Amino acid sequence: MSAAARAELEALLRAALGAVHGERLVRDAVCEQDGALAIAGRRVPEPARLVVAAAGKAAAAMAAGLEAVAGARIARGWLVTRDGHAETARAAGALPPARWTVREAGHPVPDARSESAAHELLALAAATEPEDVLVVLLSGGASALLACPLPGLTLADLAAVTRVLLGSGAAIDEVNAVRKHLVEVAGGRLACATRAGRIEVLAISDVPGDHLDVIGSGPCSPDPTRFADALAVLAGRGLAAALPPAVRAHLEAGVRGERPESPKPGAGGFERVRTTLLAGNATALAAATTAARQRGLAVVPLPEALRGEAREAGRRLAALAASLRPRAPTLLLAGGETTVTLPASEPAGRGGRSQELALAAALELAGCEGVTLLAAGTDGSDGPTDAAGACVDGTTTARARAAGHDAQAALARHDSHSFFLADGGVVRTGPTGTNVMDLVLARVDPDGSPPNRPFPPASESV
């Protein structure tokens, strides 16, 4: 693999991540305006207190941004994030312990810490006063990190449903349609639990379409879905038989009207809520496009390419890249979220959707010169691994074969991470302070030869 081509793609990835970093986004959204604090252009009158709740993979970075601008106005700050995603902010002293409570919890499958965190958040919301402003810093991952089951259900029920859904290939809007009918914080219930007279939600989107009720399962957004929709998702995926009995009974009781529906559009209380979308996948794509053009690359955006099964998306993107005959070095750029359907009958290997996509792309690119492809999750975590994704080219599978590794067999058992550990194709970023789905960047050279000059290090950082 060309070291220069890979370095270039990693530099473009860093540029994209820098544009959607949680701290930067919140700093830009919160400022002094005519001598008063303003959140997304809306003034916060004195002496209103700020009570802050941050949840998701970008929670620590977003909280650090708010602390830097409005620390003196924060009466209490609380956050929950994935393991390891608060370390940078803690080490930098960006979240003073006297003001901030920092929790970490299980993701993508909720654990006991997730349930405890949800109870803490509901207590924080209930303790607010009508004069307070509740600031909710929301990012992807919040659904699993805040998993307090509704009455009649248990944490074990939530964990089991989560595992089943994640292995089924269900899209995130389907997964969260189910969660919103099982979890006490989701589906607008956090907004209903607080007495604060004003709720400001600053959100980073990790969902296709940036739908506010889907990001983090919409804790402050009215829920347009119903119990029947949740059951339809499970039935459509053939999962009804795999559900814990208590979950099935709960959803069926909801359809019969024996359980209260989640708060719906038009319900009282949501007039206090204003949600500002700070960034999404399109923001990262725009930043990568700008950085690529500054480096002299032509850019071909593929806005609809990154969806469906990860391996199929990888094959499609690789085939397209291999078919191009550009006149100048060209970047194919795609963003979105794919899925991985795991077999129910046999154990799968380790990996995530970006590494699985990259492995399928490597097989499609075998023997093709002049194409280098990088696929990565913008949160820095691809599935249950410490990788963000992987980088491949036309030599990847041949190199692996020479070393005794079979790419096709690894793909068949969903073991992309083990394959790329051996091959050296793993891309690691560590926690990125954001989460805007996934990116795929593919460089295509006009003569089939990647650049052999060292690529200068990028100045962007996260």
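**Cavities, sheet and helices in a predicted model**

Biologist: Which residues line the second largest cavity?

Modeller: Ala142, Ser143, Leu146, Val183, Val185, Ala186, Gly216, Ser217 and Pro219 line the second largest cavity. A cavity is a set of points on a 1 Å grid over the protein atoms alone where a 1.4 Å probe fits but cannot get out, and lining residues have an atom within 4 Å of a point.

Biologist: What should I know about the model and the numbering?

Modeller: This is a predicted model, in which local features need pLDDT of at least 70 and side-chain atom pairs count only at pLDDT 80 or more, while totals for chains, interfaces and linings use all residues. Residues are numbered from 1 along each chain as its sequence is written, and side-chain values use heavy atoms, with hydrogens and water left out.

Biologist: Back to that cavity. How much space lies in the second largest cavity, and how does its lining divide?

Modeller: About 50 Å³, a volume being the space filled by probe spheres set on grid points, which are joined across faces, edges and corners. Its lining has six nonpolar, three polar and no charged residues. Here Ala, Val, Leu, Ile, Met, Phe, Trp, Tyr, Cys and Pro count as nonpolar, Asp, Glu, Lys and Arg as charged, and the others, Gly among them, as polar.

Biologist: How many cavities does the search find?

Modeller: Four of 30 Å³ or more, in the whole structure. The largest cavity holds about 80 Å³, and its lining includes Pro110, Ser143, Arg179 and Val183.

Biologist: Which element gives the most to the lining of the largest cavity?

Modeller: H7, with four residues. Helices (H or I, at least four residues) and strands (E, at least two) are DSSP runs, numbered from the N terminus. By class, the lining of the largest cavity has eight nonpolar, two polar and one charged residues.

Biologist: What about the largest pocket, how many residues line it?

Modeller: 49, with His107, Pro108, Leu166, Arg353 and Gly383 nearest its centre. A pocket is an open set with protein on both sides within 12 Å along at least five of seven lines. The space in the largest pocket comes to about 1,000 Å³, and its lining comprises 16 nonpolar, 21 polar and 12 charged residues. Helices H6 (142–145), H7 (155–167), H8 (172–179) and H14 (353–365) each supply at least two residues of that lining.

Biologist: How many bridges join E4 to E7?

Modeller: Six, and those strands run parallel; alanine 55 stands opposite leucine 138 in E7. E7 (residues 133–138) also pairs with E8 (residues 198–204) over six bridges, in the parallel sense, and valine 133 stands opposite arginine 198 in E8.

Biologist: Which E7 residues point which way?

Modeller: Val133, Val135 and Leu137 point one way, Leu134, Val136 and Leu138 the other, and all are buried. Buried means under 20% relative accessible area, exposed over 50% and partly exposed in between (1.4 Å probe, protein chains only).

Biologist: Helix H3 next. How many of its residues are buried?

Modeller: 10 of its 12, including Met62, Leu66 and Glu67. At 1.5 Å a residue, H3 (residues 59–70) should span 16 Å, and its end C-alpha atoms are 16 Å apart, which agrees. The expected span is 1.5 Å times one less than the number of residues.

Biologist: And why is H1 called largely enclosed?

Modeller: Because 12 of its 17 residues are buried, among them Arg6, Glu8 and Leu13.

Biologist: Last one: what is the phi of histidine 414?

Modeller: About 55 degrees, positive although histidine 414 is not a glycine. Histidine 414 is buried, with a relative accessible area of 9%. Aspartate 210 has a positive phi near 55 degrees and is partly exposed at 26%.

Notes: Pairing = 2+ DSSP bridges.
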